[in-house]
Amino acid sequence: MSSPPNPNPYPQQNEPTWSKSEKAIARAAFDAALGRELHEVIQEAKRMANGIQTSSDLWDLEHYLTERRKQIDRKYDYRYSQLTLVFGRLLYENRLGEDDLRGLREEKMKAIRSLAQFLRDGAD
C-alpha cells in the first residue's frame, strides 16, 4: 500500500512555496536592493580612494571593502527558504519598500512585515 502524495515536498521545513510570478517579483526586488547597496559601496570606495594620501589610507580602503563584502554576502541570500528573512531585513533597513514586493502572497508579506517590525522593536 503506498502513501498518498505529499503536496509539500519539504513538510519538515515549513518552507513557503513560490509561484513563478512571485519568483520574478522576488528576483527583481532582490536585484534592485543589492544594486542600490553596491552603488553606495562604490561611491564610498571612490570617495575613500580619492582621499588616499598614505599607505594607512590604502589599507583603510581595503578594510572597508572587505567588511562591506562580508556584510553583503551574509545579507543577500537568494535561497527561497531565506527570502522572507532577507526581505524583512531589507524592509527594516529601508532598502526595499512594500511596493517593491507587491504581488507576493499575503502570507509572505505578513512574515516579511513581522520580521521588519521585530527588528525595529529590537533597535529601540
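On one side of helix H2, the residues Ser55, Trp59, Arg69, Asp73 and Arg74 are exposed, where exposed means over 50% relative accessible area, buried under 20%, and partly exposed in between, with a 1.4 Å probe and protein chains only. This is a predicted model, in which local features need pLDDT of at least 70 and side-chain atom pairs count only at pLDDT 80 or more, while totals for chains, interfaces and linings use all residues. Residues are numbered from 1 along each chain as its sequence is written, and side-chain values use heavy atoms, leaving out hydrogens and water.

The buried residues of H2 are Leu61, Tyr64, Arg68, Ile72 and Lys75. Seen down the axis of H2, these buried residues fall within an arc of 70°, so they line one face of the helix; the arc is taken from the directions from the helix axis to the C-beta atoms. They pack against helix H1 (20-50) and helix H3 (83-92), the helices being DSSP runs (H or I, at least four residues; strands are E, at least two) numbered from the N terminus.

Helix H1 also holds Glu22, which counts as buried because its relative accessibility is 1%. Leaving aside neighbours within four places in sequence, Glu22 is in contact (heavy atoms within 4.5 Å) with Thr17, Gly103, Leu104, Arg105 and Lys108. A polar atom of the Glu22 side chain lies 2.7 Å from the backbone nitrogen of Arg105.

Terms used
A polar contact is a pair of N or O atoms within 3.5 Å; within protein, one must be able to donate a hydrogen and the other to accept it, and residues adjacent in sequence count only if both atoms are side-chain atoms.
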